[in-house]
Amino acid sequence: PTSAQLSVVPHSGRFRYTLDNDLLSPEQRQFYEDNGYLLIKKLVSDEDIERFRKEFTRICKREVKPPGVMIMKDESLKSQFGQSEKVVNKVQDFQEDEELFRYCTLPEVLKYVECFTGPNIMAMHTMLINKLPDSDKQTFLHPMHQDLHYFPFRPASRIVCAWTAMERAHQDNGCLVVQPGTHKTTLKPHGYPQWEGKTNKLFHGLLDEDEKIPKVHLVMEKGDTVFFHPLLIHGSGINRTSGFRKSISCHFASSECHYIDVKNTTQEHLEKELEEMVRKKYDATSVELKDIWNFRARLVQGERINL
């Protein structure tokens, strides 16, 4: 179900997960309150999506090399396809790529983001996902997880992800799968799933998944954008088609959010893994989690306060 299809009678009283605004209807606010996500149809233009697609291809072919970008590939396909989009399944941290970063500054996206974060908006984490056709190995299955697991800043309710389909996303090509209402729960322990030969670096999942919670497959058309809370449990299935399933996303946060120390929490092992990866990549002797996020974060609207 999308917000457009579901009519909800708003409860009286305070909304916890959205801020007062002139954009969302009471029904839309209540839908997000109850479910932890909100789908807006045809938000991003075909023209913008085409520009993002072309830039992604240029990055895959190494025609442009934005600093800081992390390119995740299926190395087993490299000998067959070389440097091309048929090998790259994710371009992460594209904050230094002017063309892709335009996504994070689109006024039509930011006006919705502001309903969740308030007027001072930081783009914190960027990704263009190119879900490759998959085999029985399920290499590109992303296990059910909560995005807050990756973030050392709070409060969670002033963080929101904008995720835009760059072509039709459906069950066959591995659309997003959400568990409505799970944004009201706490952050759960994550780690690598016990799947033989099926884990991707940093694709952590819930260690104890409750199969009884209903799942909704978010079928989306090109340009549709879903906004969701960082505690919402979600994932994506495998792509059983011969094509690619592309999406572009950014996690935004209020610049009034603050960093937390993740030592002695369920996020500590992620911190160590991430710091080690960055040390190897940049040959750095010492790096802290906060430094990594300071490097990624960009102000896109208003004033930079804490983050």
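1. Two strands are taken to pair here if DSSP finds at least two bridges between them, and the strands themselves (E, at least two residues), like the helices (H or I, at least four residues), are DSSP runs numbered from the N terminus. This is a predicted model, in which local features need pLDDT of at least 70 and side-chain atom pairs count only at pLDDT 80 or more, while totals for chains, interfaces and linings use all residues. Residues are numbered from 1 along each chain as its sequence is written, and side-chain values use heavy atoms, with hydrogens and water left out.

2. On the overall make-up, the protein has seven helices and 16 strands. Of its 307 residues, 57% count as buried, where buried means under 20% relative accessible area, exposed over 50% and partly exposed in between, with a 1.4 Å probe and protein chains only. The protein exposes about 14,000 Å², of which carbon and sulfur atoms supply 49%; accessible areas come from the Shrake-Rupley method with a 1.4 Å probe, and for residues only the protein chains shown count as cover.

3. As for contacts (heavy atoms within 4.5 Å), those in the protein with a separation of 6 or more are accounted for to 81% by residues 24 or more positions apart.

4. Strand S12 (residues 225-228) deserves a look from both sides. In a regular strand the side chains alternate between the two faces of the sheet. Thr-225 and Phe-227 point one way from S12, Val-226 and Phe-228 point the other way, and all of them are buried.

5. The partners of S12 can be followed residue by residue. Strand S1 (residues 37-40) runs antiparallel to S12 and is joined to it by four bridges, with Val-226 as the bridge partner of Leu-39. Strand S7 (residues 159-165) is likewise antiparallel to S12 and joined to it by four bridges, and here Phe-227 is the bridge partner of Ala-162.

6. A separate point concerns an open sheet of four strands, which follow the order S5-S13-S8-S11 with antiparallel pairing. Its edge strands are S5 (142-145) and S11 (216-217), each of which pairs on one side only. Two bridges join S5 to the antiparallel strand S13 (residues 234-236), and in S13 it is Ser-236 that stands opposite His-142.

7. Which strand is largely enclosed by the rest of the structure? It is S3 (residues 88-92), because five of its five residues are buried. Three bridges join S3 to strand S4 (residues 121-131), and the two run antiparallel; within S4, Leu-128 is the bridge partner of Val-91.
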